[in-house]
Amino acid sequence: MSRNLRAGVIGLGWAGQQHLDGYQRAAGVDLVGLAGMEPEPLQRLADEYGIEHRYADWADLVKDADLDVVSVCTPPSLHAPITVAALEAGINVLSEKPMALDAASARTMVDAAKANGKILDISFNHRRKAEVTAAKDLIDKGLLGDIYYAKAGWMRHNGIPGGVGNWFSRKATSGGGPLMDIGVHMLDMALHLMGEPSVQTVTASTYAAFGPRGRGRGQYGAGAHGAAEPVDFEVEDLATAFVRMDNGATLLLESSWAQGVGHDDMYVTLFGTEGGAELTWNPPAPQLRAWTTIDGVDASLNPQLGLSGGHAEAVADFVAAVRDHNLDGHQGEEALTRSLIVDATYHSAAESTEIRLSPAPPQPAGQDAVVRTAG
Ligand SMILES: NC(=O)c1ccc[n+]([C@@H]2O[C@H](COP(=O)([O-])OP(=O)(O)OC[C@H]3O[C@@H](n4cnc5c(N)ncnc54)[C@H](O)[C@@H]3O)[C@@H](O)[C@H]2O)c1
């Protein structure tokens, strides 16, 4: 029998705690290392999970703890530097979303995984919700036909994380606002359900209507840091994008931390040649409604939902890929496509123009199309 994997987690906030829980539940894993800059939660969580090696700085964990696997649960600005360092040290990485500050940094992570023959997964836990799994099953069975149009959104009413002032609203640490924070989950779900079509163009706008005025704060993501000193609100508080695929399908994507409609709304709507589906995660309960056509007759479907998954399943899949040394689909390529679309969204909004991702325009070696387009 092979020995247990030695696991470490970097980051002590909500995300880090989900990963700790995931490793504790995973078979054949010993949690041996934890890093984070807040002394009290570092000791408390390490005690709770029986973790021996404790560090303030992630670099010491990567260097000294003799890890096989590590989770990166820090602000996005550190995802690429930590991931590349860990992969180069021979450690497999499960990073939180968004993959990185931008697509160029995300690509360094994929390159490092490939150069070192290691696993790199990104935690897109929301696609493991029961409604998504069931809808995917309907699509795979052909009941909705070809999906030619989709809408996906996570629109918070008053949900600027941690209030204005922590890393979420600083561009250098977060890379962006709700698109980077929650929009990427909806983008991931939509592309997953649409069958991973390749993206041709992105046309987008972003707004900062509430954040800069100190409005729209919520209870989300108060974080390991607790309340922080106010800083300028440097990111968008609403982003909307129209995404056209190579196969002709389109996606309307929206995300907000703050907007004036007096409730939150989280949804994916799918329009197929043989039916459609509405997935919603709003009070009082998540819902999947789906329709098909049988011999020209409209029919409602009543799919049975399994249990919703989340971080524990993301950790378990990552651990299984490491155990099996299954590099196929586990070196960050799919997450990189999300980063390219996010980059294109911000560039389109900044330049008030459509950004073309495919076919890629000619470019100097080593540069991403959207990076070049941004000039
Ligand atoms: N997938 C999800 O559902 C989900 C949910 C929440 C957050 N996230 C993501 O997880 C990440 C962390 O979010 P959070 O809300 O837990 O943040 P947080 O602010 O609560 O925690 C961040 C942690 O990173 C640590 N850190 C920062 N610099 C460090 C360094 N040099 N060395 C060691 N540790 C360092 C901090 O000490 C802190 O413990 C973000 O990328 C966020 O987008 C994902």
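Biologist: In which loop does P98 have its place?

Modeller: This is a predicted model, and in it the peptide bond that joins K97 and P98 is cis, with omega at about -20°. P98 itself is in a loop, with strand β5 (92-96) on one side and helix α5 (103-116) on the other. The place of P98 is therefore given by these two elements, as the loop between β5 and α5.

Biologist: What is omega for the peptide bond from P283 to P284?

Modeller: P284 lies in the loop between β12 (275-282) and β13 (285-294). The bond that leads from P283 into P284 is a cis peptide bond. Its omega is near 5°.

Biologist: Is D295 buried or exposed?

Modeller: D295 sits in the loop between β13 and β14 (297-301), and its phi is positive although the residue is not glycine, with a value near 50°. Its relative accessibility is 80%, and the cut-off for an exposed residue is over 50%. D295 therefore counts as exposed.

Biologist: What is the relative accessible area of S352?

Modeller: S352 is found in the loop between α10 (333-351) and β15 (355-356). Like other entries on my list, this residue is not a glycine, and its phi is positive, near 50°. S352 is classed as exposed, because its relative accessible area is 69%.

Biologist: Which residues is M186 in contact with, leaving aside its neighbours within four places in sequence?

Modeller: M186 lies in helix α8, which covers residues 178-194, and because its relative accessibility is 0% it counts as buried. M186 and G33 are 153 residues apart in sequence, and their C-alpha atoms are 32 Å apart in space. With the neighbours within four places set aside, the contacts of M186 are A152, G153, W154, L253, M266, Y267, V268 and W281.

Biologist: Which residues does A321 touch, not counting those up to four places away in sequence?

Modeller: A321 has its place in helix α9 (residues 311-324), where it is buried, with a relative accessible area of 3%. V243 is 78 residues away from A321 in sequence, and the C-alpha atoms of the two are 31 Å apart. When residues up to four places away are not counted, A321 touches I119, N326 and H330.

Biologist: Why does the radius of gyration of the chain agree with that of a compact globule?

Modeller: The C-alpha trace spans about 65 × 55 × 50 Å along its principal axes, and 54% of the 375 residues are buried. Among contacts between residues at least 6 apart in sequence, 73% join residues at least 24 apart. A compact globule with 375 residues would have a radius of gyration near 21 Å, and the chain agrees because its own value is 21 Å.

Biologist: How far apart are the centres of the positive and negative side chains?

Modeller: The chain exposes about 16200 Å², of which carbon and sulfur atoms supply 51%. Its charged side chains comprise 28 positive and 47 negative ones. The centres of these two sets lie apart by 2 Å.

How values were computed. Residues numbered from 1 in each chain as written. Predicted model: local features only at pLDDT ≥ 70, side-chain atom pairs only at ≥ 80, totals over all residues. Heavy atoms only, no water. Rg over C-alpha atoms; globule rule 2.2 N^0.38 Å. Buried < 20%, exposed > 50% of the residue type's maximum accessible area, 1.4 Å probe, protein only. Contact = heavy atoms within 4.5 Å. Areas by Shrake-Rupley, 256 points an atom, 1.4 Å probe, with all protein chains shown as cover. Lys, Arg positive; Asp, Glu negative; His and termini not counted. Charge placed at Lys NZ, Arg CZ, Asp CG, Glu CD. Helix = DSSP H or I, 4+ residues; strand = E, 2+ residues; numbered from the N terminus.
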